[in-house]
Structure formats: structure tokens, C-alpha cells
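Please look through the structure below with the sequence at hand.

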Amino acid sequence: MKDTIIKRLNNIPLKQKILAIVLIGVSVVAAASFTAVHILSGSYNKLLYQTLSESMEYSSGEIVEYMQKMENLTTMFLAEEKVQANLTAIKESSRDSSISMSSVQNMRSYIGEYYQSFSDGILKYISLYMNPSTVYTNIIAADKTPKEIQQEIIRQADIKDGAPCWVTGYMDEYGLFLARKIRQIETLRLDNLGTILLNIDMDALVSYSTKLEDQYGESGYVILDGEKILYHTDNLLQDPSEQIHLNKISKYGVLQLDGSNYFAVHGSIKEYGWDYYCLISYDGISSQLAGIKWICLLIIILDFLAVIFLSVRLVGRLMVHVSRLTHKMQLFAKDNTRVPEVGYDYSQRGDELGTLNRQFDEMSETIIRLIQENYINEILKKEAQLKALENQINPHFLYNTLDSIKWRARAAGERDISDMVEALATLLRTSLNNKDQDDFTVGKEMEIIHSYITIQKFRYEDRLDFENRICQAYYPVSIPKLVIQPLVENSIYYGLESNVEECYIILEVKEQDNILHFYVKNTGSEMEEDLLVRLKSHDITPHGHGIGLINIDKRVKMQYGDEYGLRLYNEEDYAVAELIIPKLQGDQGC
């Protein structure tokens with residue numbers, strides 16, 4: 001049954017399959033859109049939150065900026081020379097009342113000037129408390145603050161000892177207070193000269209910083225210090241128990257206060273450790289959302305009908321070109337000696353249909369060309385085979401020639417020449433043989449090294465002293481080909497080429513935790529610090545031997561991993577090249 005259904009589906013024309021896929025896709029999109037309509041309010045709330053959060057970040061910044069502005073006011077005031085002079089005169093003229101009254105009048109004038117400079121409808125009044133006198137910029141506004149509250153604020157400022165003291169305990173009823181003790185700066189005596197107190201209208205500050213009512217209608221603002229409400233606008237939290245609703249808002253949400261719905265955004269004023277909540281009326285927004293849902297539903301239905309109509313038209317036009325391509329394939333299957341023509345030029349068409357037709361034409365031409373060139377390829381193949389055979393013969397010719405030289409030298413009594421030629425032939429035969437790449441061993445490497453040392457002995461005679469301390473039990477151990485011999489060659493080059501003294505070379509191996517450490521040590525030279533790193537980073541221009549060291553390190557790392565490779569350093573009187581490779585499973589050792 002299943003196979004029958006699949007067979008019928010496979011036999012449906014491509015045009016109907018595409019239309020079915022389009023209809024299924026449109027249906028899925030429509031269903032998703034219907035679902036999206038139901039969660040539209042949540043998306044709108046998130047967008048509203050993002051908009052309000054930016055506005056609230058700005059408003060909190062405005063509040064912080066204004067509070068810092070007030071701190072700057074007090075800093076400028078207490079540091080002004082004439083303020084210091086008059087306050088000092090008041091403090092020191094307890095016996096001369098005329099001087100004291102004059103200084104008090106001056107201070108009343110000074111704070112009036114400051115008040116006028118910073119007056120913006122937010123700063124209610126400035127008070128200056130000087131023992132025993134007090135001056136105000138607005139005595140009517142100052143009298144609204146009870147004397148005991150003023151005394152408590154002054155006491156808290158005394159504790160701060162000259163630092164700005166923000167008092168928030170009376171913010172909701174009397175506003176925000178900033179008090180600061182004035183210390184005598186002259187001669188750094190730091191005597192107490194009085195206390196300056198600023199009273200800030202929170203309603204005016206919040207209104208200035210938020211400016212939300214014009215945009216969103218009725219809005220509200222709440223400031224908390226932990227669980228304590230510092231301030232709220234008059235239209236919110238008439239019942240303190242409603243604070244529990246605010247605690248449920250982590251970032252944003254809709255809540256009900258006093259029978260009205262509000263959208264609330266939660267943020268923080270980190271500079272002072274306060275949390276704030278901005279609330280705007282949500283009743284109007286909810287009615288707008290309901291209207292938007294119906295509009296979206298209507299748009300989805302119209303889009304569904306439009307997509308179906310356009311799909312039928314467009315798929316029909318596309319299938320014409322697919323049919324042409326199918327016809328070309330059928331023609332080429334009957335006659336593969338020429339490219340079929342269908343009466344339409346696809347050379348200038350840039351879509352996938354044009355590409356498919358052009359690629360089919362190119363493929364047809366390639367097939368025709370390959371058929372015609374088949375015999376030529378067969379001839380080239382035979383020539384390549386003959387060339388490979390020729391390359392295999394050449395090394396044998398070289399070995400045979402060296403062998404002939406060896407026996408001629410030995411017949412002539414030139415034993416040294418015979419031994420050198422024999423060593424060279426062995427060295428070349430082992431080095432050039434590619435058949436043992438995968439099963440190369442320490443023993444084969446030592447055979448190459450022995451032949452190489454034999455040749456170098458004839459050259460340097462007694463100046464070269466070589467000692468092999470590698471236990472023969474390690475000879476069957478597998479290693480990459482030609483990774484130790486270049487190190488020996490490097491030792492001879494730097495130990496003898498630029499040195500007239502004797503060079504002593506030691507070759508040894510140590511095993512630790514199934515890791516082999518091969519050491520090539522030589523006297524007569526010294527490794528530069530971080531030589532390998534500097535060669536790789538091109539701080540030193542590598543010559544022939546430098547390139548060989550880099551290649552050995554790269555080969556080992558590529559085969560076994562980055563924890564293995566080559567190390568170059570000095571140890572006592574020796575220059576040391578240490579090669580680190582793992583001992584493979586099954587290899588033996590001493």
C-alpha cells in the first residue's frame with residue numbers, strides 16, 4: 001500500500017507538485033500568522049518596553065545628571081573665596097555684631113545669586129545654616145519643612161563630614177534634600193563654618209525628566225530604595241498594599257492599580273542604588289490591540305488568496321522552460337553527435353533555468369568532445385605508463401654505475417674511494433627508495449646515518465668523532481623517514497664548517513611514558529635562543545639547514561600531533577637537537 005502511494009506521488013507532474021508545495025507552505029504561513037495574531041499583544045508589549053526602556057534610561061540619566069548638578073552647585077559655593085571669607089568672619093566675630101550682620105547679609109545675597117543661576121522650577125529653595133544665623137532663598141517654602149526634619153538633615157550632613165549627603169526619607173512628602181557641611185579651607189584648618197541645604201521638588205524633576213504624558217497619556221513614576229518607597233506620583237499607590245503588584249514586575253508587564261490597567265517598566269538608577277517603575281495607562285492600548293488583531297486577520301486572508309493566484313501563474317511560466325530542458329535531453333539521448341536546439345536563447349538568462357540549460361549544452365559539447373578524443377587519451381595513457389617505467393629504470397642505472405666505480409677503485413687498490421662510493425650508493429638507495437615510506441624504522445635511519453658518517457669521515461678525518469649510543473633493541477621501532485639524519489648533518493655543518501677544532505657528536509635515545517626522545521648532541525657550536533621559533537616567524541632567514549629543521553618539525557607534528565616535534569637548546573658544552581615522537585603500539589625497546 002505504501003509503495004503504491006509513493007509510486008503515484010512520483011508520477012504526479014512536476015507542475016502539480018510545485019503547486020502542492022506552495023499551497024502547503026502558504027497554509028503553514030497562514031496558520032503561523034493566525035497564531036502570531038494571538039501573541040501580538042505580547043510582541044507589542046515588548047516593543048513598548050523597548051521604547052519605554054530607552055526613554056526611562058534617558059530619564060534616569062536626567063535625574064542623575066540633575067543631582068550631580070546640585071552637588072556641583074554646593075562644591076562651587078563652599079569653595080568660593082568670598083563665601084569662605086564671610087563664613088569665617090561670622091564664626092570669628094561673636095563680639096562684633098556689626099561685622100556679623102554684614103557677613104550674614106552678604107551670605108543671603110550670595111545664596112540668592114546661586115539660586116537665581118540654578119533656578120529652573122525644580123530647585124525649591126536653598127538654606128544656609130550658620131551658628132547662630134540661618135538664611136533662606138525662599139522662607140515660605142522653607143517653613144513648609146518642619147524644623148525637626150531640618151535638624152535631622154543637618155545631623156546627617158555632620159556625619160558625612162563635608163561629603164554630599166542626600167536625604168531621601170522625606171522625598172514623597174517634602175521632596176529630595178541635599179545637605180553638605182562647609183569646612184574652612186584657608187590654612188587647611190577645616191573648621192565647621194556652617195551647612196548648606198538644597199530642597200528639590202521631585203514632582204517637577206520627574207516631570208522634567210520623563211515627558212511621557214503627551215505621548216502616552218496618563219503616566220506615573222515610582223522610586224524605591226530596596227523595599228522602601230521613596231517617591232510616587234499622586235495618581236499611584238494611594239494604598240501602600242498595592243506595592244506588592246510592583247514587586248511582580250521584573251522588566252515589564254501589565255498590572256492593575258486602583259481599577260485601572262497600567263503598563264509598567266522596571267529599571268534602576270545604579271549611581272544611588274534606587275529602583276524605579278514607570279507606568280503608563282494601558283486601557284487605550286488594549287483597545288487598539290483588539291482592532292489591530294482584526295486588521296491582521298483580514299490581511300492574512302487576502303494575502304492567502306493573492307499567493308494562490310500568483311503561484312498558479314508563475315509556476316506555469318516556469319514549467320515551460322523545464323519542459324524545454326526535458327525535450328533537449330530526449331533529443332540528445334537519440335543523437336549524441338550534436339547539441340539539440342529548442343528555439344530559445346538561454347545565453348543571456350541569469351536565473352537557475354538559464355544556468356541549467358547552459359550547463360546541459362556545455363555538458364553535451366564535452367561529451368561529444370570526449371567521444372572524439374577517446375583514442376587520443378588512450379595513447380597518452382600508454383605514454384604515461386612508459387614514462388613511469390623509465391623513471392623506475394633511472395635509479396637502477398645510477399646504483400649500477402656507482403657499483404661499477406666501487407669495484408674499479410677496489411681493483412686499483414683505492415680502498416678509500418671504494419668505501420666512499422659504497423657508502424654513497426647505500427645512502428642514495430635507502431634515501432630514494434619510496435617503497436619503505438610506511439614501514440621505515442630506526443634501523444633503516446641508522447643505516448643512512450652510518451653511510452653518511454662514513455663519507456664525512458673521509459672528509460674531516462680525525463676532526464670528526466661520532467658515537468652512537470642508541471640500543472639496537474630500538475632499531476625495529478617505526479619513525480618517519482629521514483628525521484634524524486638531517487639533524488646529524490646539521491651538527492656536522494655547524495660543528496665543523498666554521499670551526500677548526502674537533503667535533504664530538506653523540507646520538508642517543510631515552511624513553512619515558514611510551515614517548516621516545518632522540519638526542520643529537522655536538523660540540524663546537526651553540527644553538528641561538530628560540531632558534532626554531534625565530535626560523536618559523538622569519539626573524540632569521542633560513543638557509544638550507546634552517547629549512548630542513550622546520551620541515552622535520554612540521555612533518556612530525558602533522559603525523560603525530562602538536563605535542564611532538566623538534567626542540568633546539570644548549571646543554572653544558574653541547575648544542576642539542578631533541579626529536580620527540582610517540583612509540584607506536586607493538587614497538588619494542590631496551
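Tyr 136 has a relative accessible area of 17% in this predicted model. The cut-off for a buried residue is under 20%, so Tyr 136 counts as buried. Tyr 129 is buried too, at 9% relative accessibility.

These two residues also belong together as a pair of rings. A pair of aromatic rings is described by two values, the distance of the centres and the angle of the planes. A pair needs centres within 6.5 Å, and planes over 60 degrees apart make it edge-to-face. By this rule there are eight aromatic pairs. For Tyr 129 and Tyr 136, the centres are 6.5 Å apart and the planes stand at 85°, so the pair is edge-to-face. Elsewhere, one aromatic cluster is formed by Trp 166, Tyr 272 and Trp 274.

Next, find helix α5, which covers residues 97–118 and contains Met 107. Is Met 107 buried or exposed? Its relative accessible area is 0%, so Met 107 is buried. Which residues does Met 107 touch, leaving aside those up to four places away in sequence? They are Phe 77, Val 83, Asn 86, Leu 87, Ile 90, Leu 128 and Met 130. One of them, Ile 90, is 17 residues from Met 107 in sequence. The C-alpha atoms of Met 107 and Ile 90 are 9.9 Å apart in space.

Strand β13 pairs with two strands, described here in turn.

With strand β12, residues 503–512, the pairing is antiparallel and runs over eight bridges. Within it, Ile 505 has Asn 522 of β13 as its bridge partner. The strands β12 and β13 form a hairpin with two residues between them, and in this hairpin Asp 513 takes a positive phi near 55°.

With strand β15, residues 574–582, β13 is again antiparallel, and eight bridges join the two. Here the bridge partner of His 517 is Ile 580 in β15.

In a regular strand the side chains alternate between the two faces of the sheet. Which residues lie over its face? Lys 510 does, at 5.7 Å from the ring centre of Tyr 519. Lys 521 lies over the face of Tyr 519 as well, at 5.6 Å from the ring centre.

Conventions:
Residues numbered from 1 in each chain as written. Predicted model: local features only at pLDDT ≥ 70, side-chain atom pairs only at ≥ 80, totals over all residues. Heavy atoms only, no water. Phe/Tyr/Trp six-rings, centres within 6.5 Å; stacked < 30°, edge-to-face > 60°. Buried < 20%, exposed > 50% of the residue type's maximum accessible area, 1.4 Å probe, protein only. Lys NZ or Arg CZ within 6 Å of the ring centre and 35° of its normal. Helix = DSSP H or I, 4+ residues; strand = E, 2+ residues; numbered from the N terminus. Contact = heavy atoms within 4.5 Å. Pairing = 2+ DSSP bridges.
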